Amino acid sequence: MRKLYTVCLLVISQLFYWLPSNGQNCSVNAGVPIEFCPGEPMTLYGNVTGLFNGSTINWTQISGPAVVITSPNSLTTAAGTATGGATYVFRISSMCQDGITSTNDVTYTVRTPPPAPPAANAGVDINAGCVPLGQSVPL
């Protein structure tokens, strides 16, 4: 009985050894979330690890005001100018050598521009001319 158990265990372990695995063999990273000031240029910073097909890198915009991604097939690329108060989500994707597509998203937030300072109005200019020392100026 013990011999049969050992043989079965050996056969099962060999069977699992030869079965193909379905894990992806590469990963992509879209970088860390960044906060921008209005009007700043935005740049996407991606990287890949593992066995990837270098010709399949692709940046896409998922949400936010429309921008032009200058080089969508490059790991690092310009992505337009930040619009005040907006939130952008970008996705990088790449196909691994095993045929599985790996994706990752990053969120860029743009600060809301500060309100314009109030305008001061002190009235019309008064030309008092030359006032002798010790006398008051009429307002």
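I started at T77, which is buried because its relative accessible area is 5% (buried is under 20% relative accessible area, exposed over 50%, partly exposed in between, with a 1.4 Å probe and protein chains only). T77 sits in strand β6, residues 76-81. Strands here are DSSP runs of E, at least two residues, numbered from the N terminus.

Housekeeping before going on: I am working on a predicted model, where local features need pLDDT of at least 70, side-chain atom pairs count only at pLDDT 80 or more, and totals for chains, interfaces and linings use all residues. Residues are numbered from 1 along each chain as its sequence is written, and side-chain values use heavy atoms, with hydrogens and water left out.

**More on T77**

I looked up what the T77 side chain reaches, and found the backbone nitrogen of S71 at 2.7 Å. That is a polar contact, meaning a pair of N or O atoms within 3.5 Å; within protein, one must be able to donate a hydrogen and the other to accept it, and residues adjacent in sequence count only if both atoms are side-chain atoms. For plain contacts (heavy atoms within 4.5 Å) I set aside neighbours within four places in sequence, and T77 then touches M42, T43, L44, W59, I69, T70 and S71.

**The sheet**

Next I traced an open sheet of 4 strands, ordered β2-β8-β7-β5, with mixed pairing. Two strands pair if DSSP finds at least two bridges between them. β2 (34-36) and β5 (58-63) are the edge strands, each pairing on one side only. Direction ignored, neighbouring strands of this sheet are turned by 30° against each other on average; the axes are lines fitted to C-alpha atoms, and angles run from 0 to 180 degrees between N-to-C directions.

I then checked β2 against β8 (residues 101-110): they pair in the parallel sense over 3 bridges. I34 has Y108 as its bridge partner in β8.

**S93**

I found S93 in strand β7, residues 87-95. S93 counts as buried because its relative accessibility is 16%. Leaving out neighbours within four places in sequence, S93 is in contact with T56, I57, N58, T101, S102 and T103.

**Aromatic rings**

I got 3 aromatic pairs. Rings of Phe, Tyr and Trp (its six-membered ring) pair if their centres lie within 6.5 Å; planes under 30 degrees apart count as stacked, over 60 as edge-to-face and the rest as tilted. Y88 and F90 are stacked, because their ring centres are 6.0 Å apart and their planes are at 10°. F90 and Y108 come out edge-to-face, because their centres are 5.6 Å apart with planes at 65°. This second pair links distant parts of the chain, F90 in β7 and Y108 in β8, 18 residues apart. I noted F90 as buried at 0% relative accessibility and Y108 as buried at 1%. Ring pairs join F36, Y88, F90 and Y108 into a cluster.

C26 lies in strand β1 (residues 26-29) and C96 in the loop between β7 and β8, so the pair ties together parts 70 residues apart in sequence. Both C26 and C96 are buried. I also checked C37, which counts as partly exposed because its relative accessibility is 31%.
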